[in-house]
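Have a look at the structure, then read on.

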Amino acid sequence: MRWSEAADGIDLTGSMVRVRLVVNGRVQGVGFRPTVYRYAKERGLGGFVKNTNEGVVIELKGRGPDIESFGKALLKHPPPLAVIESLSVSLAEPAGGKDFRILESEVAGKPGTLYPVDTAVCADCLREMRDPEDRRYRYPFINCTNCGPRFTIIEGLPYDRPLTTMNEFGMDPYCRTEYTDPANRRFHAEPVSCPGCGPVLELVSAGGDQVKGDPVVEAVRLLKEGRILAIKGLGGYHLSCLACEPEPVAKLRRRKKRPAKPFAVMFRDIGAVERFCLVNEKERELLLSPRSPIVILKKKSLDTRGESALEEVESLPEEVAPRNGYIGAFLPYTPLHHLLFENIEVLVMTSANFTDEPLISTEQELEKIMGGIADYALTNNRRIAHKCDDSIYFVPGSLPVPLRRARGYVPEPLYLEESADDPDSGGKAGRKLSFTAKGPAKESVLALGGQEKGAFALTKGDSVFVSAHLGDLADIRSQQNYRRELEDFQKMLHVTPQMVVRDMHPDYFTSRLAGELEAERVIEVQHHHAHAVSVMAEYGLREPVLAVSFDGTGYGGDGTLWGGEFLLAGYGGFERLAHIKYLPLTGGEKAVEEPWRMALMHLRNLYGDGVLEASDIISRLFRGKEAGVILDMAARGVNSIPTSSIGRLFDAVSFLVTGISRASFEGEAPIALEEAALKSSDTEKRYRFDYVTKDTTVIDPAPLFEAMLADIKSGAPSGEMASAFHHSVADMTVDILKRLSREHDCSRVVVSGGVFQNRFLCESLMKGASPLDLELYFHRKVPPNDGGISLGQARVGIERIITGSSQA
Ligand code: ZN
Ligand code: FE
């Protein structure tokens with residue numbers, strides 16, 4: 001956006017010009033108006049600025065060159081959190097008044113364009129917090145227009161103090177003065193507070209006693225003694241303990257009944273992160289961004305080839321992330337975190353909850369974990385309006401991909417566009433969807449998402465609002481939280497969906513919910529089609545595209561469970577071009593928990609029902625397991641739904657390579673397999689797949705298993721096998737894509753599904769595809785796992801409305 005373009009054709013040569021600017025983008029609640037005020041005052045301009053439903057409207061009066069200088073300054077130096085997406089300039093009728101004023105927001109019954117996200121404490125606030133002369137010296141709730149809680153305190157829109165949980169606190173004269181002074185950096189900072197009027201910290205023991213002394217100092221002391229603390233943050237409580245010693249971490253694992261799922265780790269600063277993890281430029285950028293997500297980083301101790309191989313590398317205890325090549329790292333993002341980290345370097349900071357239940361965010365819920373899990377709680381009396389987990393990113397190659405979209409990103413909308421020619425325009429170059437021509441919010445689509453990583457999407461015009469990560473919807477409390485958030489979003493956005501989109505799976509909570517909701521239309525979208533369209537919608541890709549959709553399992557619509565799919569996909573529909581060979585998923589969910597079952601099915605695929613007698617190695621692998629029962633189940637087709645899942649192929653191979661026969665969380669087996677691959681320096685070795693093509697291509701991993709058995713027999717290193725397997729899957733993918741790309745004259749490929757949370761695989765695929773005429777599109781706004789499918793579902797729903805297709 002350049003001033004010369006915005007002001008094209010406007011005569012700014014006069015000594016008394018009056019213009020009207022309309023600014024859109026991320027321009028409300030980010031200190032925009034005080035900046036405008038300052039820039040206008042500095043140039044002696046009269047007029048006003050106000051928030052309206054159109055965007056921020058600025059009227060300016062004064063010398064033409066001063067107006068021009070104002071416009072250039074605003075575009076070049078907007079407030080740090082602002083993003084100016086459009087600026088329009090028009091001449092206005094001159095009227096009286098030399099003053100420049102900030103006017104009250106127009107609240108015209110409809111919410112404005114502001115969807116505020118929680119933002120890490122800024123440098124200015126930190127400076128004040130550390131200044132003994134400042135009124136907010138060591139005040140753990142310091143914030144300003146550039147930083148602080150937002151989504152997690154809002155109870156309605158427009159974003160205004162009375163509609164936040166800060167409405168429970170009055171403002172003392174000190175804060176009131178700052179809040180009402182247009183030149184102050186806390187002008188309309190809705191959560192403004194100080195020790196005289198704001199929330200207070202409290203440190204309580206499991207028995208309910210208040211701990212005497214400074215809560216921060218005492219909390220640090222307890223943590224250093226090896227205690228486990230529940231610490232109230234922005235969107236909920238964290239469970240925290242020392243991360244540099246194994247005992248507290250092991251204790252937390254026992255108490256949380258979480259034997260292996262990795263814990264996130266908060267480091268004092270970027271230097272501390274770099275002592276334990278490998279950090280590239282993109283990762284550093286993410287870690288330091290005001291959105292402050294968790295970033296999945298490679299453990300430095302695994303870097304056997306790089307520079308760190310030469311240094312004495314420190315590592316965190318294995319208990320932090322067992323059999324995992326990565327650490328989920330993040331930096332302090334609230335003022336309280338910064339206070340705690342003055343005397344501590346590394347802490348485990350994991351979401352406070354029981355296994356699959358939602359994040360704990362109220363003091364009532366906190367009760368349930370006091371004593372049983374947490375020894376103490378560092379809490380406060382600012383209410384959390386929305387549960388909101390930490391967001392998570394990882395960076396395959398140099399591409400930041402979200403794994404969980406929550407704090408710092410929600411409720412910011414994603415924008416839909418139509419077939420952008422330049423997919424890197426980031427939502428700007430594409431024409432608006434014709435859908436919006438029907439008028440904003442005329443029709444809204446509600447997409448309910450999947451099951452295990454719940455998240456819904458609600459559309460309004462060309463905006464899609466994706467909820468925060470809502471956890472595993474098998475849990476009744478997660479379901480309740482899902483319903484609550486859904487109601488809140490509809491109220492906040494003032495929309496009532498006409499169309500509800502659901503997955504085809506008959507047993508998902510969201511599928512049942514679709515039946516309860518009173519919408520004019522309910523449509524079903526196939527799981528892997530939704531994955532594919534999620535990526536297409538992110539980039540506004542022109543259809544059709546080739547889609548690689550690799551995940552655990554998704555309902556195929558034909559009674560089978562898919563999960564290793566190559567599609568030709570459009571917004572309205574898809575064609576299945578290739579998939580992994582169907583094998584029985586014996587015992588359903590059981591087969592997911594026990595990777596050995598899928599391994600047995602793959603070996604049965606190779607050797608038939610007599611597989612257990614086929615070799616000594618096989619009989620040894622399955623000794624002590626109910627292999628006979630499972631083979632019998634498969635042979636009789638009892639509780640053995642056919643699946644083409646590639647996630648289950650990773651499980652099976654992991655069992656052979658790592659020996660993990662029972663997974664305590666989804667992903668444990670593939671994560672251990674990836675860790676093994678990271679330890680290997682071999683990059684040449686490959687396994688082979690068979691392809692059988694009739695109407696579709698069926699990819700048979702039988703030769704791969706044959707070769708792996710031979711490797712096991714000859715005692716090949718597990719890392720070598722793991723690495724070869726990853727590269728082989730990537731090569732197979734590239735092979736298939738090469739052919740499909742030719743046959744369908746299509747070089748654009750979208751890549752989605754939970755299997756692409758595997759960085760080793762993503763990077764191998766990127767490398768394999770780079771010399772070819774294939775353009776790969778990975779997720780960059782929503783996760784590749786099922787947390788991202790609601791976006792695709794919503795886009796398919798909109799397509800149905802646009803094309804008037806009645807077919808469900
Ligand atoms: Zn600040
Ligand atoms: Fe999926």
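## The iron site

With angles of 87 to 169° among its 4 donor atoms, the iron ion (ligand 2) sits in an irregular site. As for the label, four donors count as tetrahedral if all angles lie between 85 and 135 degrees; four count as square planar and six as octahedral if opposite donors are over 155 degrees apart and all others between 65 and 115; anything else is irregular. Before going further: this is a predicted model, where local features need pLDDT of at least 70 and side-chain atom pairs count only at pLDDT 80 or more, while totals for chains, interfaces and linings use all residues. Residues are numbered from 1 along each chain as its sequence is written, chains are lettered from A and ligands numbered from 1 in the order in which they are written, and side-chain values use heavy atoms, with hydrogens and water left out.

Which residues hold the iron ion (ligand 2)? Its protein donors are H527 (NE2), H531 (NE2), D551 (OD) and D786 (OD), at 2.0 to 2.3 Å. Donors here are N, O and S atoms within 2.8 Å of the metal (3.2 Å for Na, K and Ca); water is not among the atoms, so sites may look incomplete. Along the sequence, the iron donors follow the spacing H-x3-H-x19-D-x234-D. One pair links distant parts of the chain: H531 belongs to helix 15, while D786 is in the loop between strand 31 (775–777) and helix 25, 255 residues apart. (Helices, H or I with at least four residues, and strands, E with at least two, are DSSP runs numbered from the N terminus.)

Are H531 and D786 buried or exposed? H531 is buried, with a relative accessible area of 1%, and D786 is buried as well, at 13%. Buried means under 20% relative accessible area, exposed over 50%, and partly exposed in between (1.4 Å probe, protein chains only).

For reference, ideal angles at a metal are 109.5 degrees for four tetrahedral donors.

## Crossing helices

Two packed helices are described by the angle between their axes and the distance between the axes. Axes are lines fitted to C-alpha atoms, for helices over the stretch in contact, and angles run from 0 to 180 degrees between N-to-C directions.

| Helix pair | Angle | Axis distance |
|---|---|---|
| Helix 15 (527–539) and helix 25 (789–803) | about 85° | 7 Å |
| Helix 21 (668–679) and helix 23 (718–743) | about 105° | 7 Å |
| Helix 17 (595–607) and helix 22 (702–713) | roughly 100° | within 9 Å |

Helix 15 is roughly perpendicular to helix 25; so are helix 21 and helix 23 to each other, and helix 17 and helix 22. Angles under 35 degrees count as roughly parallel, over 145 as roughly antiparallel, 65 to 115 as roughly perpendicular and the rest as oblique.

Now the contacts, meaning heavy atoms within 4.5 Å. Helix 15 meets helix 25 through residues including H527 and H531 on its own side, and I789 and L791 are among those on helix 25. That contact divides into 6 nonpolar, 6 polar and 2 charged residues. (Ala, Val, Leu, Ile, Met, Phe, Trp, Tyr, Cys and Pro count as nonpolar, Asp, Glu, Lys and Arg as charged, and the others, Gly among them, as polar.)

L673, E674, A676 and A677 of helix 21 touch G719, A722, S723, F725 and H726 of helix 23, giving 5 nonpolar, 3 polar and 1 charged. The contact of helix 17 with helix 22 has 6 nonpolar, 2 polar and 1 charged residues.

Most residues other than glycine have a negative phi, and most peptide bonds are trans. A cis bond joins V410 and P411, with omega about 10°, and another runs from E543 to P544, with omega near -5°. P544 is in the loop between helix 15 and strand 23 (545–555). R323 has a positive phi near 45° and is partly exposed, at 37% relative accessible area.
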